[in-house]
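Open the model in your viewer and keep the selection panel at hand. The stops below say what to pick next and what is there.

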Amino acid sequence: MPWLGLGVYKAAEEGNEVQKAIIEAVELGYRSIDTAAFYENEVGVGEGVRNSGIDRVQLFITTKVWNSEQGYESTLNAFNRSMKKLKMDYIDLYLIHWPVKGKYLDTWKALEKLYEEGYVRAIGVSNFQKHHLEDIFQQSSIVPAVNQVEYHPLLQQTDLLAYCQSKHIQMEAWSPLCRGKLMDNASLQLIGDKYGKSVAQIILRWDIQNQVVTIPKSVNPDRIKSNAEIFDFELDIEDMNTIADLNEDKRVGPDPDHFDF
Ligand SMILES: NC(=O)C1=CN([C@@H]2O[C@H](COP(=O)(O)OP(=O)(O)OC[C@H]3O[C@@H](n4cnc5c(N)ncnc54)[C@H](OP(=O)(O)O)[C@@H]3O)[C@@H](O)[C@H]2O)C=CC1
Ligand SMILES: O=C1CO[C@H](CO)[C@@H](O)[C@@H]1O
């Protein structure tokens with residue numbers, strides 16, 4: 001999968017916001033889009049992809065089954081609804097959005113069926129902790145291709161990253177920019193000055209050097225462009241260590257062991 005993708009949570013269908021962002025992003029070289037049934041913009045995502053001017057096969061589309069749809073049959077139905085909204089005949093990556101207690105193992109069985117029948121090229125999970133992944137391993141011989149989790153300098157999840165890497169599960173960062181909250185961080189600004197890059201570019205480059213796929217969200221053409229300009233420099237070890245020291249185990253989103261939605 002591409003190292004960089006466009007996140008589209010809160011990119012609206014109204015005013016063609018999400019569609020325009022996708023067209024812009026594809027023009028600038030993005031090849032991966034991350035949506036979810038929960039984002040209520042799959043129709044707009046499908047339109048953006050079809051109007052992007054490049055073949056569907058060149059793009060990597062991720063969507064996710066929402067919590068209220070989990071369970072075997074209901075996941076299969078939810079998947080069909082997503083496909084109809086996207087107007088696609090396959091999805092590159094289908095994820096379990098959250099590990100809903102008592103449901104995610106049956107949900108995984110549904111994803112296996114979709115994978116085996118060829119409707120999805122890869123299946124994976126999101127917001128899974130080590131113990132959730134171990135549950136999957138107990139029942140299934142198919143290893144999740146991806147675990148998409150909250151990941152940014154304030155929440156580095158190094159144990160989970162090492163575990164995923166040991167199992168050949170690709171970790172993917174959601175809210176990589178900490179929803180904009182790190183832009184004034186003095187250490188990141190200093191590093192940015194050194195490379196002539198923005199704080200956002202430093203963070204996104206740090207993701208990739210940690211072998212974490214990253215999906216910053218933006219609907220602003222300038223930011224969509226600059227967020228992709230991260231493949232022409234390399235952070236040195238000293239700067240990687242400075243960023244490692246920023247970890248506070250601090251979430252901006254819900255805790256996967258204590259969410260109730
Ligand atoms: N699996 C899961 O449970 C979750 C998955 N996700 C996925 O991850 C994606 C990214 O996470 P998200 O929560 O959206 O947050 P991000 O960390 O990507 O931050 C997005 C915010 O930062 C702004 N922004 C984008 N680029 C820049 C920049 N260069 N400088 C300053 N501000 C910037 C955006 O505004 P603007 O648009 O105006 O540029 C927006 O307000 C989501 O869109 C979604 O696809 C997110 C949360 C949970
Ligand atoms: O994908 C998502 C977008 O953000 C929401 C609020 O933090 C999350 O709950 C959800 O998983």
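**Stop 1: ligand 1**

Select ligand 1: its shell divides into 11 nonpolar, 13 polar and 4 charged residues. Here Ala, Val, Leu, Ile, Met, Phe, Trp, Tyr, Cys and Pro count as nonpolar, Asp, Glu, Lys and Arg as charged, and the others, Gly among them, as polar. A residue is near a molecule or strand if its C-beta atom, placed from the backbone, lies within 6 Å of it.

Before going on, note that this is a predicted model, where local features need pLDDT of at least 70, side-chain atom pairs count only at pLDDT 80 or more, and totals for chains, interfaces and linings use all residues. Residues are numbered from 1 along each chain as its sequence is written, while chains are lettered from A and ligands numbered from 1 in the order in which they are written.

Now highlight G7, Y9, L177, A200 and K217, which come nearest of the 28 residues around ligand 1. Then pick helix α9 (residues 221–227), which gives the largest share of this shell, 3 residues. Helices (H or I, at least four residues) and strands (E, at least two) are DSSP runs, numbered from the N terminus.

**Stop 2: ligand 2**

Select Y9, A36, F38, H97, G253 and P254 to see what surrounds ligand 2. This shell has 4 nonpolar, 2 polar and no charged residues.

**Stop 3: the sheet**

Show the strands. Eight of them form an open sheet in the order β1-β2-β3-β4-β5-β6-β7-β8, with parallel pairing. β1 (6–7) and β8 (213–214) stand at the edges with a single partner strand each, so one side of each has no neighbour in the sheet. Two strands pair if DSSP finds at least two bridges between them.

Zoom in on β3 (residues 60–65) and β4 (residues 91–96): 4 bridges join them in the parallel sense. Pick K64, whose bridge partner in β4 is L95.

**Stop 4**

Angles under 35 degrees count as roughly parallel, over 145 as roughly antiparallel, 65 to 115 as roughly perpendicular and the rest as oblique. Select E42, V43, V45 and G46 of α2 with S82, K85 and L86 of α3; these make the contact (C-beta atoms, placed from the backbone, within 7 Å).

**Stop 4: α7 and α8**

Which way does α7 lie to α8? The two helices are roughly perpendicular to each other. Select L188, Q189, I191 and G192 of α7 and V199, I202 and I203 of α8 to show their contact.

Technical notes. Two residues are in contact if their C-beta atoms, placed from the backbone, lie within 7 Å.
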